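Please consult the sequence and the model while reading.

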Amino acid sequence: METFDPTELPELLKLYYRRLFPYSQYYRWLNYGGVIKNYFQHREFSFTLKDDIYIRYQSFNNQSDLEKEMQKMNPYKIDIGAVYSHRPNQHNTVKLGAFQAQEKELVFDIDMTDYDDVRRCCSSADICPKCWTLMTMAIRIIDRALKEDFGFKHRLWVYSGRRGVHCWVCDESVRKLSSAVRSGIVEYLSLVKGGQDVKKKVHLSEKIHPFIRKSINIIKKYFEEYALVNQDILKNKESWDKILALVPEIIHDELQQGFQKSHNSLQRWEHLKKVASRCQNNIKNDKYGPWLEWEIMLQYCFPRLDINVSKGINHLLKSPFSVHPKTGRISVPIDLQKVDQFDPFTVPTISFICHELDAISINEEEKEENEAESDVKHRTRDYKKTSLAPYVKVFEHFLENLDKSRKGELLKKSDLQKDF
């Protein structure tokens, strides 16, 4: 994939919003079948323009309105907010206190920077294939819980365009949840607790919740290759001291001796497991709980959610198909059937798909000199000719399931009414 030059962004965005952005699918998503009157019209959008000019409380009547505004403003970033009691672009005309956020998808934001204390390959905004496995595990763990523990059906996972992933849970009942319930859900999904000063961030009690057991089973599939080989978490004294800080002092000496005799992280981890199981049989120490190796695995691999993003109904989150202004990568949906194959480094950049389009357009212009073709017809097919196409397909599959489920609900309701 070619390198992205941020100075070209204004011109690239013009082309992207004019020819490539999947407006019809996007509108179809946020309109939710037009079942609730004014649902789309009461939705807040926020645009970040060049030089960090930030415009909140944008709202639109329909797809065409949204298209015109996006093509006029060419936003560097698009955020989606709540559905309000009134049209957000008229919020200044509503009497104080009446303008309220009423509904929004339940959203999750997982950012690689929150793992800086446990990844050795990169830090801050940087990512590489060695640490991306953290995001793979996070998607697998959170998605399994949302689906199986909560019964949520419509979950859209999206790559942020740089260093993280977002999840949008779009079930009708979920969009109506109060802030308190959202807090409860995100609390249930959180295990790693404590800021930078807290060394030991995971504490298990003797009764292990099924959610934790199932999460551990997912981590086990990745742990050896991710933590012991790629991250090499027991490589040297500096790295194993971090792990000693998570286990009772009573076994520090024995672990140190074994670590010094071993040749690599794999051998040291086997030694730790032996010593830990012996320790667990000998001491009933509630402070540490009996699951030492699990606590370490969770601290190093368990998803770290930004709780505030999920709690607030009026919290904004970056929109799918927005462009990341630093990397140029498109914020694309992730296919849940292929989470392990998803590679952020192969996600198309805006410059790549615009150049693909240019190359195709030149060929087509030669072919079509004699044919008049409407701009709309032209545009609806444009993204299909670029590397963006498979990601739009993932989005369409998600939308089809939403439609099916909505039709099913409507049928149920009409059958119930017939019964009376």
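The points below proceed from the overall chain to its core, a hairpin and selected helices.

The model is predicted: local features need pLDDT of at least 70, side-chain atom pairs count only at pLDDT 80 or more, and totals for chains, interfaces and linings use all residues. Residues are numbered from 1 along each chain as its sequence is written, and side-chain values use heavy atoms, with hydrogens and water left out.

**Overall chain**

- The chain contains 15 helices and 8 strands, these being DSSP runs numbered from the N terminus (helices H or I, at least four residues; strands E, at least two).
- The C-alpha trace spans about 80 × 65 × 45 Å along its principal axes.
- Of the 420 residues in the chain, 52% are buried, where buried means under 20% relative accessible area, exposed over 50% and partly exposed in between (1.4 Å probe, protein chains only).
- Among contacts between residues at least 6 apart in sequence, 71% join residues at least 24 apart; contact means heavy atoms within 4.5 Å.

**Nonpolar cores**

- The largest nonpolar core has 124 residues, and those with the most contacts inside it are Tyr 16, Trp 29, Phe 45, Phe 108 and Ile 350; such a core is a set of buried Ala, Val, Leu, Ile, Met, Phe, Trp, Tyr and Cys residues joined through side-chain atoms within 4.5 Å.
- Helix H4 (residues 129-149) gives the most to this core, with 11 residues.
- This core draws at least three residues from each of domain 1 (6-119 + 151-188 + 307-368 + 379-417) and domain 2 (193-301), with bounds that come from an automatic or database domain assignment.
- A second, separate core of 5 residues includes Tyr 84, Val 94, Phe 99 and Ile 313.
- Not counting residues up to four places away in sequence, Ile 350 touches Phe 4, Leu 9, Leu 12, Leu 13, Tyr 16, Val 323, Gly 328 and Ile 330.

**Ala 138 in helix H4**

- Ala 138 is found in helix H4 and counts as buried because its relative accessibility is 0%.
- Residues up to four places away in sequence aside, Ala 138 touches Ile 110, Tyr 115, Asp 143, Trp 157 and Pro 303.
- Ala 138 and Tyr 222 lie 84 residues apart in sequence and 11 Å apart in space, C-alpha to C-alpha.

- Strand S6 (residues 155-159) is largely enclosed by the rest of the structure, because 5 of its 5 residues are buried.
- In a regular strand the side chains alternate between the two faces of the sheet.
- From S6, Arg 155, Trp 157 and Tyr 159 point one way and Leu 156 and Val 158 the other way.
- S6 and strand S7 (residues 164-169) run antiparallel and are joined by 5 bridges; strands pair if DSSP finds at least two bridges between them.
- The bridge partner of Val 158 in S7 is His 166.
- The hairpin has 4 residues between S6 and S7, and Gly 161 in the turn has a positive phi of about 105 degrees.

- Ser 215 is placed in helix H7 (residues 210-230) and counts as buried, because its relative accessibility is 0%.
- Leaving aside neighbours within four places in sequence, Ser 215 is in contact with Ile 141 and Phe 302.
- H7 and helix H11 (residues 292-301) pack at an angle of about 75 degrees, with their axes 10 Å apart; axes are lines fitted to C-alpha atoms, for helices over the stretch in contact, and angles run from 0 to 180 degrees between N-to-C directions.
- H7 and H11 are therefore roughly perpendicular to each other, a term that covers 65 to 115 degrees.
- Residues making this contact include Ile 212, Ile 216 and Phe 223 of H7 and Trp 294, Met 297 and Leu 298 of H11.

Notes
Parallel < 35°, antiparallel > 145°, perpendicular 65-115°, else oblique.
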